[in-house]
Amino acid sequence: MEIKETAVAGTLESSDIQIMITKADQGISIELESDVAKQFGQQIKKVITDTLKQLDIDAAHVKAVDKGALDCVIKARTIAAAQRATKTVDTPAWEVL
Amino acid sequence: MTVIELNLSLPEVKNQWQNFLQKLGINNFSTAEIQQLDLTLGLYEDEQLVATASAAHNVIKYVGVCQQDSTPGARFNQIISELTSRLYQQGIFHLFVFTKPQYSLSFQHVGFKQLADSSQAVFLETGTPDIQDYLAQLPQVSQSHPQKIAAIVMNANPFTLGHRYLVKRALQQSDYVYVFVVNTDASLFKTSERIQLVKAGLKDLPHALVVNGGDYMVSYATFPAYFLQSGQDVVRYQTTLDAHIFRDLIAPACQISTRFLGSEPLSPTTAIYNQVLQQELPPKVQVQVIERKQSDSQKVISASTVRQALAHNQLATIKDLVPATTYQFMQEHKALLETRIKEGMRINGN
């Protein structure tokens, strides 16, 4: 699926993550800001990448500001931002959950 | 805890908000500044205002947070989160903040990146497109052999023979000259028109690279005092940040070794800007000041003179101050420009 516009989901409050997705020419790139990036940075990026791949998105730039979100929260925010960015909010991707 | 929108046009709301910020050491409540605010949010706990933040288009301003009886950072994160979410919903995805150096880390913790700092202020951005995206889209000069590359930043409101003279002088001493055109629609001539006229007026000089200055050079974000009446100290700290962005981010990305300036006999704001650039850019970037060109009738050529003539319906008097392309544009769009002046567009100033 193609990113059609910039979209955001999530907040900057504790236990949450804010995901901003923008267009990219190719590949998935992730800029992550997190107080726990050293310990969990790779895991957070993996959850975001896997979720985008499940949604058939192979080109996107992601800016993520993590405030200690659990994997399920990261996944949920990524799906929400991706559906907004691909303009597919009318057809929720149930199978990705 | 609830976040609500504060309507500053109500005196009692504004007083409460202003008192809260004054206790936190914020003191500039000039009408010019407050009128720019599009959105002000307040965070309330037990009916007490405990945090506030505002936005003037994409610039976050008037952030104040009371930390008493709260987890450090929690209220700050909540108010900034709410403000940024609302701006994103409006499709404003690229945000800036000017703040005191001691608050820089708080903003960095919520994803902002610091672009420049000085002893009095820091300047940060978040969202997209960011400085890296801006730098990546600039035209690059081939470096197969060493080239001398210079830059000029101009508002060109509108493009005159004075601007052209400055570019030609710079080209005499350089292989290429970047001409960054200020990207803020707060001038009589709109950004698209100004860029169009700069390009038209320099068409015969292929080594002049005309580009949009984006949000990073004398923009409403980096240097609001250029567009709003402000005190000298405000102009000084904003121009210092503007100079640091140019020196540390723009110049290295484009291999720019010299910045050319036109001498400034008329505008006090631009005169301070020139002074600050001369202080801050060297030794990394050399600064060269070129004396302004005078017309045959010994007048200093200034875009401000051109705008005055337009306002007073004396277009013919400035025919020798502008290139034919600018003159033709003004003749063709005379009615439109006059309407803008009538509707209150400022023609003095910059």
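1. The contact between the chains (heavy atoms within 4.5 Å) draws 16 residues from chain B and 16 residues from chain A. Together the two chains bury about 1,300 Å², with 53% of it on carbon and sulfur atoms; buried area here is the accessible area (1.4 Å probe) that two parts lose on being put together, summed over both.

2. A word on conventions: this is a predicted model, in which local features need pLDDT of at least 70 and side-chain atom pairs count only at pLDDT 80 or more, while totals for chains, interfaces and linings use all residues. Residues are numbered from 1 along each chain as its sequence is written, chains are lettered from A and ligands numbered from 1 in the order in which they are written, and side-chain values use heavy atoms, leaving out hydrogens and water.

3. Between chain B and chain A there are two salt bridges (a side-chain nitrogen of Lys or Arg within 4 Å of a carboxyl oxygen of Asp or Glu). One of them pairs Lys63(A) with Asp130(B), whose closest N and O atoms are 2.6 Å apart.

4. Which helices of chain B each supply at least two residues to the side that touches chain A? They are α3 (74-89) and α4 (104-109), helices being DSSP runs of H or I with at least four residues, numbered from the N terminus. The largest share, seven residues, comes from α3(B).

5. Arg75(B) sits in helix α3 of chain B and is buried, with a relative accessible area of 3% (buried means under 20%, with a 1.4 Å probe and protein chains only). A polar atom of the Arg75(B) side chain lies 2.6 Å from the backbone oxygen of Cys66(B). Not counting residues up to four places away in sequence, Arg75(B) touches residues including Leu43(B), Glu45(B), Val50(B) and Asp69(B).

6. In helix α10 (residues 303-311) of chain B, the buried residues are Ala303(B), Val306(B), Arg307(B), Ala309(B) and Leu310(B). They span an arc of only 160° around the axis, so they lie on the same side of α10(B); the arc is taken from the directions from the helix axis to the C-beta atoms. Their cover includes α6 (161-172), α11 (324-332) and α12 (334-342) of chain B.

Conventions:
Buried means under 20% relative accessible area, exposed over 50%, partly exposed in between (1.4 Å probe, protein chains only). A polar contact is a pair of N or O atoms within 3.5 Å; within protein, one must be able to donate a hydrogen and the other to accept it, and residues adjacent in sequence count only if both atoms are side-chain atoms.
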